[in-house]
Amino acid sequence: MNILASAAVDTAKQPDYIALALVALMLIVVVVMVIRKHLASKKPADAFVVEEKASEQAAPIELAPGSAGSLKLNDVSPKTAALLMAIVANKLDKPLNELRFISVKEIK
């Protein structure tokens, strides 16, 4: 009986490691939740929608295959610009789709 009494006394003096492990686990869960909330607040979900709408508005116009980009016409009709580009391509013996015209301007 003396052995049982001493065993009961020894277990009462030992800390409860299961409760300590549960408290540590709860602390880890709370820390993870706080970190996730902090990271989520840096970039709200509405920012993704705004960026998506901005990219849709600023999306470049689809160009025809073989084209070299946009052309700025300064006081020239599109028909005149097309004729001038065709003449330049003919004089250079190059296909028109290999040349890049940035702007066409009439000199007065």
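**Two aspartates in loops**

Asp-93 is situated in the loop that links α4 and β2 (103-105), where helices (H or I, at least four residues) and strands (E, at least two) are DSSP runs numbered from the N terminus. This is a predicted model, in which local features need pLDDT of at least 70 and side-chain atom pairs count only at pLDDT 80 or more, while totals for chains, interfaces and linings use all residues. Residues are numbered from 1 along each chain as its sequence is written, and side-chain values use heavy atoms, leaving out hydrogens and water.

Asp-93 has a positive phi, near 55 degrees, although Asp-93 is a residue other than glycine. Most residues other than glycine have a negative phi. With 68% relative accessibility, Asp-93 counts as exposed (over 50% relative accessible area; buried is under 20% and partly exposed in between, with a 1.4 Å probe and protein chains only). Asp-75, in the loop between β1 (72-74) and α4, likewise shows a positive phi, of about 55 degrees. Asp-75 is exposed as well, at 61% relative accessibility.

**Overall architecture**

The protein chain contains 4 helices and 2 strands, arranged from the N terminus as α-α-α-β-α-β. Of its 108 residues, 6% count as buried. The accessible surface of the protein chain comes to about 10,000 Å², and carbon and sulfur atoms account for 66% of that area (Shrake-Rupley method, 1.4 Å probe; for residues, only the protein chains shown count as cover).

**Confidence of the model**

The protein chain has a mean pLDDT of 76, and 62% of its residues reach 70 or more; pLDDT is the predictor's confidence in each residue, from 0 to 100. Among the elements, helix α4 (residues 78-92) has the highest mean pLDDT (91), and helix α3 (residues 45-57) the lowest (54).
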